[in-house]
Amino acid sequence: MTIILGIESTAHTFGISLVRKGKILSNIRRSYTTEKGGIIPLDAAKHHQENKKEIYFEALESSGVSEEKIDAIAVSQGPGLAPCLLEGMKFAKELSKKLEKPIIPVNHCIAHLEIGRTTGAKDPVMLYVSGANTQIIAYSFFKFRIFGETLDIGVGNFIDNFARYMGIGFPGGPAIQELAEKGKKFIELPYKVKGMDITLSGILTNLRQKIESDKYNINDLAYSMQETVFAMLVETAERALAHTGKKELLLGGGVACNSRLQEMCKIMCKERGAKFFCPSNNLLQDNGAMIAFLGEIMFKKGINVQGKAINELDIKPRQRTDDVEVKWR
Ligand code: ATP
Ligand code: FE2
């Protein structure tokens, strides 16, 4: 029976998980956070370096599996922050050498999507909303095709920046959701949908000016930001459902933890007779389980790197979702 270990380290989180037959045996993660200010890549990498061994042993212990039983090591190869990716790749190579097992290089974004299979979604339109990425994706002929995306920043980074302007540390998403729940008055903000794409930097500038003017209640601003930006996401996701004729919507990525976004997606799906799927929060934010889960699927199709080829294996900080040839579907 195959046991795959997954390593995630593309940005703020270092995570390790063990998966057997699609079942998640353990999913341990620790995240770099700040009190004030955004993520500093070298500091995040240091966090990973300092925590990786402990997380590894914790993951082994909580799965009840001894390390000799591991058949292959799946690792997030990209996209992500280079110093953070390097920590994961270095650790994967160390383990591969020690255990004499192959490495499965996994695309982080596709792992965010494929973990959605655990919810029962079969052929969905995917709304992938995370720190660096915001994309509407659907699978067709060996590629995850991008139907629409942000033309500037990812919605998670947008929310984290908005939070930073209010003096809130990283990650800002959960704190902003709390403020938004207390908001009462809707403040008009720019609404920027261009065809299937969206832009966010103009809205961010507008919000920054509003914060600096001190004329607005911050709860109302957080509430209005969520209502506006999530409506943009739901609008493009709905259009993708209409275009593709698909009947399922799947949420993925850390911003999908937001309960208001989930609610708005649910309403849209209900109105058009589509099914809505969303993994649990510990599978939405960066985690090793999604890497191990997709790693196992790839490994079963014979995708892995062995022997000397492992020395050539490198990180891919800028790898795009639609560059990856999907040989496992
Ligand atoms: P990518 O997958 O694009 O490389 P990432 O790995 O940094 O990005 P994730 O871990 O998938 O991102 O998501 C992190 C983001 O999710 C952060 O920007 C964080 O603020 C946001 N987030 C987490 N919880 C919430 C929430 N409840 N509401 C809104 N945003 C949230
Ligand atoms: Fe992510």
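This report describes the ligand site, the iron site and some backbone features of a predicted model.

**Ligand 1**

Ligand 1 is surrounded by 24 residues, and the closest are Tyr128, Ser130, Asn133, Asp160 and Asp286.

| Residue | Protein atom | Distance to an oxygen atom of ligand 1 |
|---|---|---|
| Tyrosine 128 | polar side-chain atom | 2.7 Å |
| Glycine 173 | backbone N or O atom | 3.0 Å |
| Glycine 254 | polar backbone atom | 2.9 Å |

On its own, ligand 1 has 650 Å² of accessible area, and the protein covers 95% of it. Helix H3 (108-114), helix H4 (155-165) and helix H5 (173-182) are the elements that give two or more residues to the shell around ligand 1. H5 provides the largest share, with three residues. By residue type, the shell around ligand 1 has 14 polar, eight nonpolar and two charged members. Domain 1 (3-112 + 284-323) and domain 2 (121-280) each contribute at least three residues to this shell.

**Iron ion**

Ligand 2 is an iron ion, and its protein donors are His108 (NE2), His112 (NE2) and Asp286 (OD), lying 2.1 Å from it. Along the chain these donors follow the spacing H-x3-H-x173-D. Histidine 112 belongs to helix H3, while aspartate 286 sits in the loop between helix H9 (281-284) and helix H10 (288-300), so the pair ties together parts that are 174 residues apart in sequence. Histidine 112 and aspartate 286 are both buried.

**Backbone features**

Most peptide bonds are trans, and most residues other than glycine have a negative phi. The following places depart from that pattern.

The peptide bond from glycine 78 to proline 79 is cis, with omega near -5°. Proline 79 is in the loop between strand S4 (72-78) and helix H2 (82-99). A cis bond also joins phenylalanine 170 to proline 171, with omega near -5°. Proline 171 lies in the loop between H4 and H5, two of the helices that give residues to the shell around ligand 1.

Phenylalanine 141 is not a glycine, yet has a positive phi of about 45°. Its place is the loop between strand S7 (134-140) and strand S8 (143-149). Phenylalanine 142, in the loop between S7 and S8, has a positive phi of about 65°. Are these side chains buried or exposed? Phenylalanine 141 counts as exposed because its relative accessibility is 67%, over the 50% cut-off. Phenylalanine 142 has 48% relative accessibility and therefore counts as partly exposed.

Notes:
Residues numbered from 1 in each chain as written. Chains lettered and ligands numbered in written order. Predicted model: local features only at pLDDT ≥ 70, side-chain atom pairs only at ≥ 80, totals over all residues. Heavy atoms only, no water. Near = heavy atom within 4 Å. Polar contact = N/O pair within 3.5 Å; in protein donor to acceptor, adjacent residues only side chain to side chain. Areas by Shrake-Rupley, 256 points an atom, 1.4 Å probe, with all protein chains shown as cover. Helix = DSSP H or I, 4+ residues; strand = E, 2+ residues; numbered from the N terminus. Nonpolar A, V, L, I, M, F, W, Y, C, P; charged D, E, K, R; others polar. Domains from an automatic or database assignment. Donors = N, O, S within 2.8 Å, 3.2 Å for Na, K, Ca; no water. Buried < 20%, exposed > 50% of the residue type's maximum accessible area, 1.4 Å probe, protein only.
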